[in-house]
Amino acid sequence: MAFFELLTEDQMAPEAREYVEIAKKRQRVDRLPRLYYAYAGRPKLLKAFVQAQQELIPIPNRFGSVQGIAGMLIAHAKRCQSCFEPNREFLLKLGYDEATLEGMCQAPARLPLPERDRHFVEFTLRAALDPERLKPGDFGDMERAGFAKDEILEMIGVAAFWNFAITLASAVDAGFREE
């Protein structure tokens, strides 16, 4: 039996229902992934997750679908299916094809993207997967590639959001596994 309970919307506290509705509108769906219904057992957690998503991964955003590509690749690298699949589905809806997305996952160092987008994804991946190895020169390289300081901070925010989302999803998913 699963450790975490999936609450129905009728069982949720009003605050949790409010954030489920916000997430549904954002994602344009009638039913969210099961993780939201588990998070609803702790409304403050659900609120933090939905608000972080709204603030750090806004729709629309100045970087476009490249934020989704970064999220997909971070989730792939960290083996989080609960984050990987929704990102992949979103990118498919935007017109990316299966072969292109699979190629990105298999060879993230050779992304078939315009140079600016490739820099965004590469830096965001490094910030998410290995932030300790970022050096002062890396930030200068990004500035020379045409990114403003606030854009670089936004990339760090995208990386931080996906680390937050993946930690939540992976840990809660473990509670759904049957022994």
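This is a predicted model: local features need pLDDT of at least 70, side-chain atom pairs count only at pLDDT 80 or more; totals for chains, interfaces and linings use all residues.
**Exercise 1: charges.** Work out how many positive and negative side chains the protein has, and how far apart the centres of the two sets lie.

*Solution.* Start with the bookkeeping: Lys and Arg count as positive, Asp and Glu as negative, while His and the chain ends are not counted. Next, place each charge at NZ of Lys, CZ of Arg, CG of Asp or CD of Glu. That gives 24 positive and 27 negative side chains, with the centres of the two sets 2 Å apart.

Residues are numbered from 1 along each chain as its sequence is written, and side-chain values use heavy atoms, leaving out hydrogens and water.

**Exercise 2: overall build.** List the secondary structure, then check the radius of gyration against the globule rule.

*Solution.* Take helices as DSSP runs of H or I with at least four residues and strands as runs of E with at least two, numbered from the N terminus. You get nine helices and zero strands. Now take the radius of gyration over C-alpha atoms; the rule is 2.2 Å times the number of residues to the power 0.38. The protein comes out at 17 Å, close to the 16 Å the rule gives for 179 residues, so it is as compact as a globular protein of that length. The C-alpha trace spans about 50 × 30 × 30 Å along its principal axes.

**Exercise 3: helix α6.** Which residues of α6 are buried, and what do they pack against?

*Solution.* Buried means under 20% relative accessible area, exposed over 50%, partly exposed in between (1.4 Å probe, protein chains only). In α6 (residues 98-106), Leu101, Met104 and Cys105 are buried. Down the helix axis they fall within an arc of 100 degrees (using directions from the axis to the C-beta atoms), so they line one face. The face turned away carries the exposed Ala99 and Gln106. With contact meaning heavy atoms within 4.5 Å, the buried residues pack against α4 (66-77) and α5 (81-93).

**Exercise 4: two residues.** Are glutamine 53 and leucine 94 buried or exposed, and where do they sit?

*Solution.* Glutamine 53 is in helix α3 (residues 43-56) and counts as buried at 10% relative accessibility. Leaving aside residues up to four places away in sequence, glutamine 53 touches Arg26, Gln27, Tyr36, Pro58 and Phe161. Leucine 94 is in the loop between α5 and α6 and is partly exposed at 45%.
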